[in-house]
Amino acid sequence: MDNVLVVHPRDNVGIAVKAVAAGEAVVIQGQEWFRALEDIPANHKIALADIAPNEEIIKYGEPIAVSTQPIQKGRWVHTHNLASQAWKK
Amino acid sequence: MSEISGYIRPDGRVGIRNHVLVLPTVSCVNGVVRRIAEAVPGVASAVHPHGCGRGGPRDLEILFRILSGMIRHPNVGGVVLIGLGCEVSSIANLRPFIHKAEKPIEMFNVQTDGGSLETARKGIDAARRMLQDLQSQRRSPMTWEKVIVAMECGGSDALSGVTANVALGAISDWLVEKGATVIFGENTEMIGTAGALKRRAKNEQIAGQIERMIDRAEKLTRDVMGELAGLVISPGNMDGGISTIAEKSMGCVVKGGTTTIRQVVDYGEAPTERGLILQDGPGYDCDSMAGLAAGGAQLMFFSTGRGTPVGFPVMPVVKVASNTEVYQAMSDDIDVNAGVLTQGASLEALRDEMIQRMIRIINGEQTKAEINRMEVFSFMTVHPPF
């Protein structure tokens with residue numbers, strides 16, 4: 001059963017549609033991809049690829065934030081490791 | 001099934017419903033309209049709290065545009081207009097805006113038609129006659145070029161932006177490909193997305209309009225809310241998994257799909273272009289719905305995560321749940337469950353099912369909000385009354 005939803009092919013984050021525990025396999029469209037490196041709360045974002053510091057966080061195929069530190073594939077992505085760009089961006 | 005049909009109007013527009021609308025020009029006569037609607041349940045009625053007491057040019061522009069937009073709405077086959085007599089949006093003052101409506105309109109003023117009870121009696125007779133007359137009208141085949149679909153989201157939750165609004169976006173793209181028009185508003189929910197939307201503008205002029213619209217919405221939000229403007233993205237949003245205003249707003253504008261933005265229209269204004277249209281309207285659902293309907297939308301998709309029953313008097317509203325729990329908890333109110341996207345269903349399968357449902361609704365199948373008569377008519381003002 002899927003536990004992560006990816007909205008757009010360009011995205012580097014997916015959405016956990018249920019809580020995903022550390023070590024649990026990430027399943028997208030029936031396929032196991034990789035393992036979560038930490039607990040991901042339901043409806044929160046998980047990195048689908050390694051993300052460098054100051055790299056754009058892409059969801060909906062659009063930048064929604066920039067990373068403030070390196071984020072490994074499988075990590076939780078939220079306000080602790082990203083920053084909002086200006087409102088207008 | 002892919003053929004669609006509707007009621008062809010003299011002005012070239014096509015209705016997917018054939019309503020008799022009973023409309024007050026001013027809130028003072030709402031009671032008369034209520035009496036008519038109780039006596040003739042087949043009519044659509046749209047009481048509202050406006051029509052007088054606001055004199056600024058912007059409020060007058062909105063008032064006349066919304067009321068005339070309701071009268072001219074393609075889903076309305078005839079109108080019983082109830083006025084008082086001394087109000088700002090009186091029948092006399094509305095006349096220049098509706099003289100081209102090209103549909104039966106019967107008008108009564110409480111001050112000169114014998115008071116409230118006598119006016120209600122006349123209105124009841126007129127409404128019954130009009131319903132009878134409209135029954136002889138038949139549907140004709142229509143093309144997608146004549147269809148305007150509005151996209152709305154309200155009572156959103158953390159999944160709205162990744163399930164229901166994504167499904168609405170897929171429908172938007174399909175409609176535009178078919179030659180139809182898709183319109184959405186809610187400018188406060190575009191804050192943070194100017195870059196993404198401007199890149200899709202048809203030309204520089206429209207890109208500029210998009211930028212100014214979102215700038216105004218942002219400034220207004222800061223002016224009105226002050227320190228609280230940060231609540232546009234609230235701690236609750238963040239707990240729910242949304243990290244930034246851009247993320248929240250992208251989850252909102254994704255319901256318009258991915259096509260070129262052809263035009264930006266003002267609140268309540270009808271587009272003159274086909275394809276994807278932005279309307280400079282408010283985020284509050286009920287006021288937003290009136291602006292999009294007055295702009296000529298015959299049908300609305302409305303996504304919700306927390307669940308809302310709201311419908312509109314002359315425009316069918318199709319409710320799309322973002323999660324299975326709310327779909328089951330409010331099964332009498334919600335038409336489609338986009339929560340299946342979190343349970344392994346493909347977007348293509350959901351989209352195709354929604355297209356079939358949309359075709360049936362255009363052809364006359366009632367939405368849950370229509371069956372339940374959950375219609376609300378409310379529109380935006382910019383100044384307090386005096």
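Chain B and chain A of this predicted model bury about 2400 Å² between them, and carbon and sulfur atoms give 62% of that area. Buried area here is the accessible area, taken with a 1.4 Å probe, that two parts lose on being put together, summed over both. In chain B, the residues that lose the most area to chain A are B:Val162, B:Ser243 and B:Glu247, which together account for 20% of what that side buries. The contact (heavy atoms within 4.5 Å) draws 35 residues from chain B and 23 residues from chain A.

Helix 6 (194–198), helix 7 (204–225), helix 8 (235–239) and helix 9 (245–253) of chain B each supply at least two residues of the side that touches chain A. Helix 9 of chain B gives the largest share of that side, five residues. By type, the residues of the side of chain B that touches chain A comprise 15 nonpolar, 13 polar and seven charged; Ala, Val, Leu, Ile, Met, Phe, Trp, Tyr, Cys and Pro count as nonpolar, Asp, Glu, Lys and Arg as charged, and the others, Gly among them, as polar.

Next come the sheets. Helices (H or I, at least four residues) and strands (E, at least two) are DSSP runs numbered from the N terminus, and two strands pair if DSSP finds at least two bridges between them. In chain B, four strands form an open sheet in the order 4-3-5-6, with parallel pairing. Strand 4 (44–45) and strand 6 (105–109) of chain B each have a single partner strand, so one side of each lacks a neighbour in the sheet. Two bridges join strand 3 (residues 19–24) of chain B to strand 4 of chain B, and B:Val22 has B:Ser45 as its bridge partner in strand 4.

Chain A holds an open sheet of four strands in the order 1-2-5-8, paired antiparallel. Its edges are strand 1 (4–5) and strand 8 (76–77) of chain A, each with a single partner strand, so one side of each is left without a neighbour in the sheet. In strand 2 of chain A, A:Ile15 stands opposite A:Leu5.

Residues are numbered from 1 along each chain as its sequence is written, and chains are lettered from A and ligands numbered from 1 in the order in which they are written. Local features need pLDDT of at least 70, side-chain atom pairs count only at pLDDT 80 or more, and totals for chains, interfaces and linings use all residues, while side-chain values use heavy atoms, with hydrogens and water left out.
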